[in-house]
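Subject: Handing over the structure, with notes

Dear colleague,

Here is the structure I promised to pass on to you.

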Protein chains: 2
Amino acid sequence: MKNFMEIAINEAKKAEKRGEVPIGACVVKNGKVISKGYNKREKTKNAINHAEIIAIKKACRKLHDWRLLDCSLYVTLVPCPMCAGAIVNARIKDVHYGADEKSEDNLCEKIFESTRLNHNTKLIKEEKYSEICSSLLTNFFKGKRKK
Amino acid sequence: MKNFMEIAINEAKKAEKRGEVPIGACVVKNGKVISKGYNKREKTKNAINHAEIIAIKKACRKLHDWRLLDCSLYVTLVPCPMCAGAIVNARIKDVHYGADEKSEDNLCEKIFESTRLNHNTKLIKEEKYSEICSSLLTNFFKGKRKK
């Protein structure tokens with residue numbers, strides 16, 4: 001199996017180079033990456049443009065369908081409520097993530113387990129990548145504070 | 001005060017005419033409508049394109065900022081988790097809605113009250129418009145089943 005978390009991390013690094021909070025994602029179907037995305041909130045001055053949203057939009061365009069059936073999403077940080085909601089709306093099967101958020105709400109899990117739609121998404125933490133994904137974010141914010 | 005819920009309802013009717021689930025929204029700042037949107041999921045074959053997301057994107061573009069400070073959003077149906085998350089991410093002040101969802105999760109409220117960001121959005125039900133907003137949806141799905 002190809003390493004999809006490393007592809008997401010590579011996307012996060014692209015965001016970092018551009019002065020964006022380093023978060024990256026990719027969508028995978030049948031063992032192939034069908035779309036990638038990194039956070040572009042500052043560049044586009046748009047609250048919607050998180051890594052996951054960009055990857056989901058591209059995947060919908062590629063499959064000509066708003067339903068991303070049998071797709072997995074790999075992302076460096078556990079999704080925020082907006083992205084978690086988009087993932088469920090797009091019927092994504094499972095989400096693999098690296099770093100946890102500080103917040104204790106567990107909103108992502110609650111959204112994935114909601115009975116609102118007849119669809120549930122599985123949330124899987126990739127422990128092996130947790131530290132590298134966290135340190136990307138920590139170093140970015142440390143650098144910001146120094147400036 | 002202009003009636004912003006009626007502007008959202010008018011947007012929902014545009015969706016209905018195009019065979020989309022009839023949901024409409026507008027963003028208001030300083031008593032003026034700065035953007036409008038209606039659901040375009042089917043036309044664009046994109047899971048992201050809910051009425052609120054379209055209105056938020058347009059408002060960000062108009063204000064050249066991902067922060068929609070001092071803005072209110074009017075929408076015909078209580079926001080789904082994706083849209084609720086986008087509303088909080090965009091720092092919208094309050095949301096006025098017409099119809100309730102069948103789901104008992106109250107995820108929108110939970111997302112608005114989350115301590116994840118240093119921002120909370122107020123959720124306000126416009127009782128006066130609840131029935132008309134609900135009936136737009138009920139009639140749409142009745143029509144779908146007949147076909």
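Which residues does B:His96 touch, not counting residues up to four places away in sequence? Before the reply, please keep in mind that this is a predicted model. The residues that B:His96 touches are B:Met5, B:Ser72, B:Leu73, B:Tyr74, B:Val75, B:Ile124 and B:Glu126. B:His96 itself lies in strand β4 of chain B, and with a relative accessibility of 11% B:His96 counts as buried.

Next, the two chains. Chain B is superposed on chain A by a rotation of 180° with 0.0 Å of shift along its axis, and the RMSD is 0.0 Å. That is the relation of a two-fold axis. In chain B, the C-alpha nearest that axis belongs to B:Met82, which is 2.0 Å from it. Of the interface residues of chain B, 100% are also interface residues in chain A, so the copies meet through the same surface.

One salt bridge to look for joins the side chains of A:Arg116 and B:Glu101, with 2.9 Å from N to O. This pair crosses between chains, with A:Arg116 in the loop between α5 (107-113) and β5 (122-125) of chain A, and B:Glu101 in the loop between β4 and α5 (107-113) of chain B. B:Glu101 counts as partly exposed, at 30% relative accessibility.

The side chains of A:Glu42 and A:Arg41 meet in a salt bridge at 3.8 Å, N to O; here A:Glu42 counts as partly exposed at 35% relative accessibility, whereas A:Arg41, at 18%, counts as buried. If you wonder why A:Arg41 is given that label, the reason is that buried means under 20% relative accessible area. In chain B, the side chains of B:Arg67 and B:Asp65 meet in a salt bridge at 3.0 Å, N to O, and both ends count as partly exposed, B:Arg67 at 33% relative accessibility and B:Asp65 at 23%.

Now please turn to the helix α3(A), which has 13 residues and reaches 18 Å from its first C-alpha to its last, close to the 18 Å expected at 1.5 Å a residue. Its buried residues are A:Ala51, A:Glu52, A:Ile53, A:Ile54, A:Ala55, A:Ile56, A:Lys57, A:Ala59 and A:Cys60. What do these buried residues of α3(A) pack against? Within chain A they pack against β1 (24-29), β2, β3 (71-77) and α4 (81-89), and from chain B they pack against α3 (51-63). Just after α3(A) comes A:His64, which takes a positive phi of about 50°.

Two further residues deserve a look for their backbone angles. A:Lys45 has a phi near 50°, a positive value in a residue other than glycine, and A:Lys45 sits in the loop between α2 (41-44) and α3 (51-63) of chain A, where it counts as partly exposed at 41% relative accessibility. In chain B, the phi of B:Arg91 is near 60°, again a positive value in a residue other than glycine, and B:Arg91 is found in the loop between α4 (81-89) and β4 (94-99).

How many disulfides does a search of the whole structure find over all chains? The search finds zero. A:Cys60 is in no disulfide, and the nearest cysteine sulfur to its own is that of A:Cys71, 8.8 Å away, which is too far for a bond. A:Cys60 is buried, with a relative accessible area of 1%, and A:Cys71 counts as buried too, at 0% relative accessibility.

Last, there is A:Val33, whose place is in strand β2 (residues 32-38) of chain A and which counts as partly exposed at 29% relative accessibility. Leaving aside its neighbours within four places in sequence, A:Val33 is in contact with A:Phe4, A:Ile7, A:Cys26, A:Val27 and A:Val28. A:Asn120 is 87 residues from A:Val33 along the chain, and the C-alpha atoms of these two residues are separated by 22 Å.

Definitions and conventions: Residues are numbered from 1 along each chain as its sequence is written. Chains are lettered from A and ligands numbered from 1 in the order in which they are written. This is a predicted model: local features need pLDDT of at least 70, side-chain atom pairs count only at pLDDT 80 or more; totals for chains, interfaces and linings use all residues. Side-chain values use heavy atoms; hydrogens and water are left out. Copies are superposed by least squares on the C-alpha atoms of residues with pLDDT of at least 70 in both. Contact means heavy atoms within 4.5 Å. Helices (H or I, at least four residues) and strands (E, at least two) are DSSP runs, numbered from the N terminus. Buried means under 20% relative accessible area, exposed over 50%, partly exposed in between (1.4 Å probe, protein chains only). The expected span of a helix is 1.5 Å times one less than its number of residues. A salt bridge is a side-chain nitrogen of Lys or Arg within 4 Å of a carboxyl oxygen of Asp or Glu. A disulfide is a pair of cysteine sulfur atoms within 2.5 Å.
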